[in-house]
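Subject: Structure handover

Hello,

Here is the structure for you to look at, with notes on the sheet and on one helix pair below it. Please keep it open while you read.

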Amino acid sequence: MEVPPAPPNELMADTELPGPPMHGYRGDERPLGFAGPKGMTIALSREAGSQGSTIAEKVGAILGWQVFNQEVLDYLMADEPGRSRLLAELPSGAQAWADAQLGRLQQERKVTPDTDGVNLARLVLMIAARGDAIIVGRGAGFLLPLATTLHVRVVAPLAERMSFFAQSLRLTREEAATEVRNRDASREQFVAQTMFRGTNELAEYDLIVNSGRLGVETAAQVVSAAMRAKHQAAGIADPVRSEPL
């Protein structure tokens, strides 16, 4: 399996103030004083075994941004105090903006009406409202505003993805091939059922990075450079908050 991130409790430990739990969409309410995210978000989709999660962690270290991988997102979905700490960090009007965006997605049938899917979409939008974040998987790039989101797809040759699982999980070649197929199918099914989209809609991505050709370190640098370029295009200050590794 890919290199695991820090435990969710450590990632969320910097914030302590409680806040209200997530709530439903309020019709056509307009958020006051909040036109949209003041920072950018990277939504990183990845093929199984392409080491996308590892690349996300390295990009987070380069930019000084927090990484929200599947483990952290699942933790926030299940833990109300964790969500409350996230809400406490949002600027005024951001939660109403997230609910307005969610309402638009529902009206345009771009997100499932299923409760879990709606709650996930709201959480992703609130993370984006705060900005300066990297969201791994969960179809985030299909939910967020184009202007303030870098939608990235990490790919690698099938043989290299199989080798990654064979080495990391100590599988036979046949078992590794099954692992790749099952994980790719599970992610494709999730996006199809939750956002009614496909992970292989290549024109939906700002950037497609082949980690098998570039390597993990170079791929992270490429994603970071693309983020800087899109920052400038959006008229937002330089995203780097720490010196590159």
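Two strands are said to pair if DSSP finds at least two bridges between them. Helices (H or I, at least four residues) and strands (E, at least two) are DSSP runs, numbered from the N terminus. In strand 4, the bridge partner of L44 is V152.

This is a predicted model, in which local features need pLDDT of at least 70 and side-chain atom pairs count only at pLDDT 80 or more, while totals for chains, interfaces and linings use all residues. Residues are numbered from 1 along each chain as its sequence is written, and side-chain values use heavy atoms, with hydrogens and water left out.

Five strands form an open sheet in the order 2-3-1-4-5, with parallel pairing. Strand 2 (66-68) and strand 5 (207-210) are the edge strands, each pairing on one side only. On average, neighbouring strands of this sheet are turned by 25 degrees against each other, direction ignored.

Strand 1 (residues 41-46) pairs with strand 4 (residues 149-155) in the parallel sense over six bridges. S45 stands opposite R153 in strand 4. Strand 1 also runs parallel to strand 3, and four bridges join the two. There, V136 of strand 3 is the bridge partner of L44.

Is strand 1 mostly covered or exposed? Strand 1 is mostly covered, as six of its six residues are buried, where buried means under 20% relative accessible area, exposed over 50% and partly exposed in between (1.4 Å probe, protein chains only). Both faces are covered: T41, A43 and S45 are buried on one side, and I42, L44 and R46 on the other.

Helix 2 (residues 52-63) lies across strand 1, strand 2, strand 3 (133-136) and strand 4, and runs at about 160 degrees to strand 1. Axes are lines fitted to C-alpha atoms, for helices over the stretch in contact, and angles run from 0 to 180 degrees between N-to-C directions.

The helix pair

Helix 5 (residues 94-107) packs against helix 6 (residues 115-130) at an angle of about 135 degrees, with the axes 9 Å apart. The two helices are therefore oblique to each other; angles under 35 degrees count as roughly parallel, over 145 as roughly antiparallel, 65 to 115 as roughly perpendicular and the rest as oblique.

In helix 5, the residues that meet helix 6 include W97, L102 and L105, and those on the helix 6 side include V118, L125 and M126.

Regards

Key:
Contact = heavy atoms within 4.5 Å.
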